[in-house]
Amino acid sequence: MKRQLASLLVLALCAASPIKAASPTFYDVPSSHWAYKDIQQAAQKGILQGTGTDQNGNRLFEPQSSLTTAQFITIVVRGYYAGQAGSAGDGPWYAPYDQVAQSHGLYQGIQKVDLTATIPRYHMAVILQNILEDLGIALPPEEELESAAAKIGDWKSIPVEYQKAVSVVYASGIIGGMDETGTFAGESSVSRAQAAAIYTRLETYAEPYIQAAALDYKRQEMLDEINLLRKNVGLAPLSLDERVCDYAQIRAQEITESFSHTRLNGENYWDELGRMGIDYYPGGENIAAGNSTVQATMNQWMNSPGHKANILKEGIGKVGIGYVQVEGGYHHYWVQIFVP
């Protein structure tokens, strides 16, 4: 399965930003509307836009209007493939989003795609499953898919080619049933309000995997920078140690509360390494705060003699890297732990 890390990082940053309370974005979506929060969230992120204004200049969303396949594809491309859609040129407005969808195989499993027609729930389920697989996001395990199938009231009438996708979106909580018996009603259309809710549910399901991918990306980027610096002075490269990375992540969270090499419980950082059975000498720990990028953080450390010495130390072979983003304090906190 492919990982579109650039899109994952964009979404991870969006998910980390809190949605501030505001007056209704759209005149026809009052705060009492069942999908108000979902519509607000999607609109503030630029995923779903309004449909125009009324005669008094009030912005409208038209939450009950049906969604076309082109409109749904536009939503998911904006959310998960940010920056990949070009300009429409002489083609229809949705052409760039359609091209992105085709390039990522989002229509796979759908025999006939009519972009201008109302999208049926079956097709939406297939597209959502394809997105999860394309981004390398884990599908629900088989036992959960079987359990979901047992809860769907019209399961036996669902065409075989749609059953896997329907069970995936049902088990993951992205699309639920239409009534108390769990009827999926796959030929039914989807309203704009429902689309907003489906998008935010997808985001909720995908977020842990997206955050993990973003952290993996940052770790690899920092490791590459470390090894480039070490190569320039004739030192052997380092490798990431999974267990030390897990511990570095704990330390990154700790330094958001106390920016110190002494842990919150009063211990030295290396005490836990000893309990883990990991040699910690020669080694060292670097901590930093304030910069969001790997390069800026590495510059911080390389401009400090003690931190630079840890990065360019002889006798070490592995490193653990931790990163945490929080709302308060210095916002961005980094940890490197070097071990033999």
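Author: Among contacts in the protein chain between residues at least 6 apart in sequence, 69% join residues at least 24 apart; contact here means heavy atoms within 4.5 Å. The model is predicted, so local features need pLDDT of at least 70 and side-chain atom pairs count only at pLDDT 80 or more, while totals for chains, interfaces and linings use all residues. Residues are numbered from 1 along each chain as its sequence is written, and side-chain values use heavy atoms, with hydrogens and water left out.

The setting may be given briefly. The chain comprises 12 helices and 6 strands; these are DSSP runs numbered from the N terminus, with helices (H or I) of at least four residues and strands (E) of at least two. Its C-alpha trace spans about 65 × 50 × 45 Å along the principal axes. Of the 340 residues, 46% are buried. Buried means under 20% relative accessible area, exposed means over 50%, and partly exposed lies in between (1.4 Å probe, protein chains only). The chain exposes about 16500 Å², of which carbon and sulfur atoms supply 49%; the areas come from the Shrake-Rupley method with a 1.4 Å probe, and for residues only the protein chains shown count as cover.

Two packed helices are described by the angle between their axes and the distance between the axes. Helix 5, residues 121-134, packs on helix 7, residues 160-171, at an angle of about 75°, and their axes are 8 Å apart. Each axis is a line fitted to C-alpha atoms, for helices over the stretch in contact, and angles run from 0 to 180 degrees between N-to-C directions. Helix 5 and helix 7 are therefore roughly perpendicular, a label given to angles of 65 to 115 degrees, whereas those under 35 are roughly parallel, those over 145 roughly antiparallel and the rest oblique. Helix 5 contributes Tyr 122, His 123, Ala 125, Val 126, Leu 128, Gln 129 and Leu 132 to this contact, and helix 7 contributes Tyr 162, Lys 164, Ala 165, Val 166, Val 168 and Val 169. By class, the contact has 10 nonpolar, 2 polar and 1 charged residues. Ala, Val, Leu, Ile, Met, Phe, Trp, Tyr, Cys and Pro count as nonpolar, Asp, Glu, Lys and Arg as charged, and the others, Gly among them, as polar.

Ile 137 lies in the loop between helix 5 and helix 6. With a relative accessible area of 2%, Ile 137 is buried. Leaving aside residues up to four places away in sequence, Ile 137 touches Leu 132, Tyr 205, Ala 206, Tyr 209 and Ile 210. Leu 132 also belongs to the contact of helix 5 with helix 7.

Helix 6 covers residues 142-151, and Leu 145, Ala 148 and Ala 149 are buried in it. Seen down the axis, the buried residues of helix 6 fall within an arc of 100°, so they line one face of the helix; the arc is that of the directions from the helix axis to the C-beta atoms. These buried residues pack against helix 7. On the other side of helix 6, Glu 143, Glu 146, Ala 150 and Lys 151 are exposed.
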